[in-house]
Amino acid sequence: MFKKITRKLNLINLKLLIFTFFTVCSNAQQFTQYNVSGVLSQPQQIDFDDIDGDGYTDIIVPEYSGNSISVLYGTGNLSNYTKVTYGSLLVGGSTIKPWAALSLDVDGDSDLDIVFSNYANSTAADGIYWIESTGNRSFGSLQHLYNLDRCRYIGKVNFDADPEYELLALGDSNNTNNVRVLNVAGGTVSTLLQRTANRRPLHGFFIDIDNVGNLSLIYSKFGTGNEADGSTVSSNGVHTLNGPSYNFGIVLISNSPTTSAGTRKTVAGDFDEDGDTDFIAVNAAGNTTSLKYYAVGGGQGTILSTTDGSNNMISLTSGDYDNDGVQDLVVIDNALDEVLLFKNTAVDGVASSAIAFNTPTTLSSTIIDPNWVESIDIDNDGDLDVVVSFNNGGAAGQGGVSVFENETTTLTSNDFTLKANEVKIYPNPTTQLLNVELGNDLENIGLYNLQGQKVLETVKNTIDISNLSLGVYLIKIKTNKGQVFTKQFIKN
């Protein structure tokens, strides 16, 4: 079980902060763009996994107007993927319109099945569907998993104490209980949480904001309407459903007083290096678009904003792309057809007075109508790459997927001899003690949750983790020669 979990977790994007630090004289950063998919029909919210178990990262692509799911199977060469399309997808003669797709072992047979939302705007057909893996890149017939009207977003979350994933499902509607958390075990679905979010939640994730063991659901709202549970908050933007009381209506990022725009996607992390979790979101609708932040304990602010329709930022992702220890942003603008890199001005470990980014660098202006972006180390070389889906004007059969390979080079002033494979942690998984094998070069060790929050720091090679909650963590190991190695472990 843990081998399967670890394989999946190695492919989480942000969702993981990948640190590869050196004593640096200078960094040279370059991204090489590959259009990897061939023709796709309105690809939407992409995901990643090693579907066929060959050791290469595959890209899962829902084709909205193609009524199909395509998997771009990795070959070890970023310029060469093998595309296999599954569909057309029909239920009782009605077409399925996939919006978000991901991998999940639905039936408990240790194979990765494909799960996706159907955003067909039909109550009878909307919801979550899946196709069962039958091996050798083959999948069985379409099967219905769960009903949810106007289901647009689904995502894998760690909601409860077990190491298996649950599904977060959001209905792009004002209907009652349009937020659901679902447990999927052996093909059987049970509802762990259901609440009402007004209006139109488009993206969400769980995070322990205060690092006290209570998960909060962060969700992006694309519209206005009073919230449930007694709240009168009606602005769109980013809101939180706090655990364990789960009260709606705490505004994190609001478009007020401009309520014409709605929030499409949010990312979390310690962007100002003050030890607190911050949030950054894109807001876009009509002629209004903005990139805004909310710093816990530090207020709100705008990174970029336009009201004349000259920009339309609709998706973003975050990560440490230049290996300097702080999180940067990549934002897509489908009015200007740009992929933009915002470098964080913060310094690793030094609290900043405000969240700030340098003037963005344009990674591409050749992708027509980009609509979703994610970060992942897709070539397994230790730095974060960027993957973008695009619609090419929205016409059927003209979209695609592009990979931006991060080719950051680091010039070092020291001749280091310690290699990543020489740093070992064991046992993994573990319940109480975690050992670090490094030699005599250890300076300190930090343990982080998947949101980038530090949960423990020590100078010892043997670490007592018995007080940590169950789940997956990153261990950041710093040597007295300036090297930093980051690995994952599971607390069970």
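Predicted model: local features only at pLDDT ≥ 70, side-chain atom pairs only at ≥ 80, totals over all residues.
Q: How many aromatic pairs does a search of the whole structure find?
A: Rings of Phe, Tyr and Trp (its six-membered ring) pair if their centres lie within 6.5 Å; planes under 30 degrees apart are stacked, over 60 edge-to-face, and the rest tilted. Here the search of the whole structure gives 9 aromatic pairs. In one of them, the ring centres of Trp99 and Tyr119 are 5.2 Å apart and the planes stand at 70°, so this pair is edge-to-face.

Q: Where in the chain do Trp99 and Tyr119 lie?
A: Strands (E, at least two residues) and helices (H or I, at least four) are DSSP runs, numbered from the N terminus. Trp99 belongs to strand β9 (residues 98-104), whereas Tyr119 is in the loop between β10 (113-118) and β11 (127-135); the pair links distant parts of the chain, 20 residues apart.

Q: Is Trp99 buried or exposed?
A: A residue is buried under 20% relative accessible area, exposed over 50%, and partly exposed in between (1.4 Å probe, protein chains only). Trp99 has 14% relative accessibility and therefore counts as buried. Tyr119, with a relative accessible area of 6%, is buried too.

Q: Which kind of aromatic pair do Phe116 and Tyr129 form?
A: Their pair is stacked, with 6.4 Å from centre to centre and 20° between the planes. Because Phe116 lies in strand β10 and Tyr129 in strand β11, the pair ties together parts that are 13 residues apart in sequence. Both Phe116 and Tyr129 are buried.

Q: Which charged residue sits over the ring of Tyr64?
A: A charge sits over a ring if NZ of Lys or CZ of Arg is within 6 Å of the ring centre and within 35 degrees of the ring normal. The charged end of Lys97 is over the ring of Tyr64, 4.8 Å from its centre. Arg152 lies over the face of Trp99, 4.5 Å from the ring centre. Tyr64, Trp99 and Tyr119 are linked into a cluster by ring pairs.

Q: Which residues touch the most other members of the largest nonpolar core?
A: A nonpolar core is a set of buried Ala, Val, Leu, Ile, Met, Phe, Trp, Tyr and Cys residues joined through side-chain atoms within 4.5 Å. The largest one has 17 residues, and those touching the most other members are Leu104, Val106, Val115, Ile128, Leu145, Ile154 and Leu167. Strand β9 gives the most to this core, with 3 residues.

Q: What is the order of the strands in the open sheet of 3 strands?
A: Two strands pair if DSSP finds at least two bridges between them. The order is β33-β34-β37, with antiparallel pairing. The edge strands, β33 (424-426) and β37 (462-464), each pair on one side only. Between β33 and strand β34 (residues 433-437) there are 3 bridges, and Ile425 stands opposite Val436 in β34.

How values were computed: Residues numbered from 1 in each chain as written. Heavy atoms only, no water.
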